[in-house]
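Hi there,

Here is the structure I promised to hand over. Have a look at it first, and then read my notes below.

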Amino acid sequence: MSKEFTIVVLAKQVPDTRNVGKDAMTPEGTVNRAALPAIFNPEDMNALEQALRIKDKFPGSKVLILTMGPFRAAEVIREGLFRGTDGGVLLTDRRFAGADTLATSYAISQAVRKMNPDIIVAGRQAIDGDTAQVGPQVAEKLGIPQVTYAEEITDIDEKKVTVLRRLERGIEVVTSTLPCLITVHATAAPCRPRNAKMLLKYKYARTANEEKDPANEGKYAIGVDEKPYLRIQEWTVDDVGGDENSYGFAGSPTKVKKVENIVFKAKESKVLSGSDADIDSLIGELMANHEIG
Amino acid sequence: MNNIIVYAETDSGKICDVSLELLTKARGLAERLGVDVEALLIGSNVEKLAGELYAYGAKVVHLADDPCLEFFRTLPYAAITLRVFNTEKPQIALFGATTVGRDLAPRVSSALKSGLTADCTSLEIGDHKDAKTGKEYSDLLYQIRPAFGGNIIATIVNPEHRPQMATVREGVMKKEPLAQPVKGRINRIDVASILVDSDFAVEIIKREIEERKIDIKGAQIIVDGGYGVGSKENFSLVFDLAKTLGAEVGASRAAVDAGFVENARQIGQTGVTVRPKLIICVGVSGAIQHTAGMDQSKIIIAINNDPQAPIHKIADYSIIGDLNEVVPKMIASYKKQSK
């Protein structure tokens with residue numbers, strides 16, 4: 001019998017910042033956040049595919065999605081179920097709010113420990129922050145090796161995993177002992193589409209909080225007692241334990257001092273002459289907006 | 001103690017530009033704080049590179065030089081970095097936002113519980129008052145970075161934890177050696193006393209690194225030259241502006257076909273599609289075949305003496321003027337204002 005792996009996929013629901021076109025700006029020139037749809041972070045989708053491929057190769061393996069966010073982030077876990085995962089956990093608690101990457105990675109590492117996987121995969125970075133920090137920080141907190149910028153998990157056995165990494169100017173093939181954490185780059189294979197059968201099966205999968213939401217009244221005809229696989233688990237600080245001061249705002253060493261919306265003064269084309277004064281004011285404006293360093 | 005440490009990344013036996021840019025920036029910060037700049041150099045047979053770090057102002061080079069450190073691997077490099085930071089207690093630690101820096105820095109910051117700001121575009125020193133507690137802090141590192149897909153600029157501070165850590169991308173800051181190198185010294189790190197077997201859990205099986213290629217796709221800023229630039233010789237204007245701003249050079253098909261620049265720089269339907277945060281079109285007419293490859297850029301500046309040129313229709317800023325006068329003025333204006 002071949003090995004059965006437990007794989008945890010770290011995934012995040014993010015606002016779709018890629019499609020902030022000029023039309024997604026308010027008349028004042030700031031971002032219209034409400035106009036941005038919430039999506040499955042793109043590189044987490046690449047990570048999910050790598051996890052599902054391990055399951056394809058080693059039937060009996062389990063792929064579980066772990067996400068942190070508000071109640072609506074359960075959508076990320078459903079997306080996984082539609083594509084062949086075995087379940088997932090939504091970390092949701094007001095006490096997680098205001099977390100920077102360090103406090104986020106603490107919460108996630110506490111939950112991962114409870115899930116006890118052989119391998120953890122995540123997107124390299126999320127498009128709302130582009131920090132690429134949570135993966136390596138989770139690995140550090142768990143005291144396990146990390147392999148970043150992965151393009152493909154090329155081989156895996158009970159003892160080690162082989163990974164092709166995509167670097168700035170080439171590739172590297174590495175092996176790592178297990179358990180280990182792998183962050184997956186956008187150049188990896190795209191995720192498979194939703195599976196029609198899975199879509200039917202898990203369409204009404206939900207968390208307890210979604211069930212309580214008055215907006216969903218009458219939506220769920222079949223009880224989770226009857227079909228337990230429809231229950232998406234939610235964990236709070238109480239479920240993952242640990243040091244309460246390491247969560248959320250209190251556990252975050254970095255603080256946001258100031259946020260400036262980039263305001264584009266020239267919504268309509270601004271016409272300048274080649275005069276010294278015009279050039280100086282243009283360069284000055286670009287520097288003030290940090291467009292040039 | 002409490003100095004600024006810059007991680008000196010190496011690539012094919014050379015110090016990376018981004019590390020030299022960070023040292024240049026660190027000198028300014030250190031002067032403001034009244035502290036020294038130091039460098040952390042890890043690798044195999046890298047001691048000979050210390051001189052270049054002195055030329056950029058590092059008074060101490062913390063050196064971990066061992067054959068087992070030939071290529072970057074997270075765990076041994078992180079263990080050494082942690083040892084140095086725990087001993088030296090820097091107040092600021094800076095890393096390049098490269099595949100190495102973005103792998104190493106978060107691992108280290110997690111172990112130190114110190115916080116880290118990724119991909120900063122600007123670093124300044126300033127004061128801070130905590131809105132909740134009212135506590136005041138002086139001389140913190142302002143870590144300024146775009147967020148939310150580049151639509152907002154956030155200033156991040158790290159009031160209570162040290163070191164204040166940040167990564168910065170290559171080309172964002174200026175690189176300038178000192179007129180006279182500092183008289184630096186090496187602090188040799190005893191590698192064998194730090195590393196343990198489990199630090200070698202990751203093994204490198206194969207590495208294939210290519211020569212640095214032209215990559216205009218990944219550039220944040222592009223200076224885009226067209227046929228209007230006039231000649232291969234005159235394209236040096238475009239390259240000069242790009243170098244000043246830390247930008248890449250792109251070109252229209254007409255400019256490439258005329259032999260002004262190499263093929264790899266071609267933007268448009270038959271070239272590459274780019275979406276930088278800033279593109280400056282120099283002598284580009286604005287044919288649809290070209291603009292299809294760049295009209296999603298966040299800010300478009302067009303320099304063209306023909307007010308009827310179609311490029312002005314998609315430009316956020318149109319400069320109607322002779323590129324031979326405007327481009328040198330932009331370079332001079334940037335140099336003047338960035339001082």
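A quick definition before anything else: helices (H or I, at least four residues) and strands (E, at least two) are DSSP runs, numbered from the N terminus.

Some housekeeping. This is a predicted model, so local features need a pLDDT of at least 70 and side-chain atom pairs count only at pLDDT 80 or more, while totals for chains, interfaces and linings use all residues. Residues are numbered from 1 along each chain as its sequence is written, and chains are lettered from A and ligands numbered from 1 in the order in which they are written.

On confidence: pLDDT is the predictor's confidence in each residue, from 0 to 100. Chain B has a mean of 93, and 99% of its residues reach 70 or more. For the complex, the predictor gives an ipTM of 0.88 and a pTM of 0.82.

Now the chains one by one. Chain A has eight helices and 13 strands, and its C-alpha atoms fill a box of roughly 75 × 50 × 40 Å along the principal axes. It is divided into domain 1 (6–246) and domain 2 (262–293); the bounds come from an automatic or database domain assignment. The C-alpha centres of these two domains lie 41 Å apart.

Chain B has nine helices and 18 strands.

How much is buried? A residue is buried if 20 or more other C-beta atoms lie within 10 Å of its own, exposed if 12 or fewer, and partly exposed in between, with C-beta atoms placed from the backbone. By that rule, 47% of the 293 residues in chain A are buried, and in chain B 55% of the 339 residues are.

Next, where the chains meet. Two residues are in contact if their C-beta atoms, placed from the backbone, lie within 7 Å. Chain A brings 63 residues to the contact and chain B brings 75. On the chain A side, the elements that each supply at least two residues include helix 3 (101–115), helix 4 (134–142) and strand 9 (170–177). Strand 9 of chain A gives the largest share, eight residues.

That strand also pairs with strand 13 (residues 202–209) of chain B, in the antiparallel sense and over seven bridges; two strands pair if DSSP finds at least two bridges between them. Within this pairing, A:Thr175 has B:Glu203 as its bridge partner.

Is B:Arg107 buried or exposed? It is buried, because 25 other C-beta atoms lie within 10 Å. B:Arg107 sits in helix 4 (residues 101–112) of chain B, and beyond residues up to four places away in sequence, it touches A:Pro136, A:Glu140, A:Gln146, B:Thr74 and B:Ala78.

B:Asp127 is exposed, because it has 11 C-beta neighbours inside 10 Å. Leaving aside neighbours within four places in sequence, B:Asp127 is in contact with B:Glu136, B:Tyr137, B:Ser138 and B:Leu140. B:Cys16 is 111 residues from B:Asp127 in sequence, and their C-alpha atoms are 32 Å apart.

Enjoy exploring!
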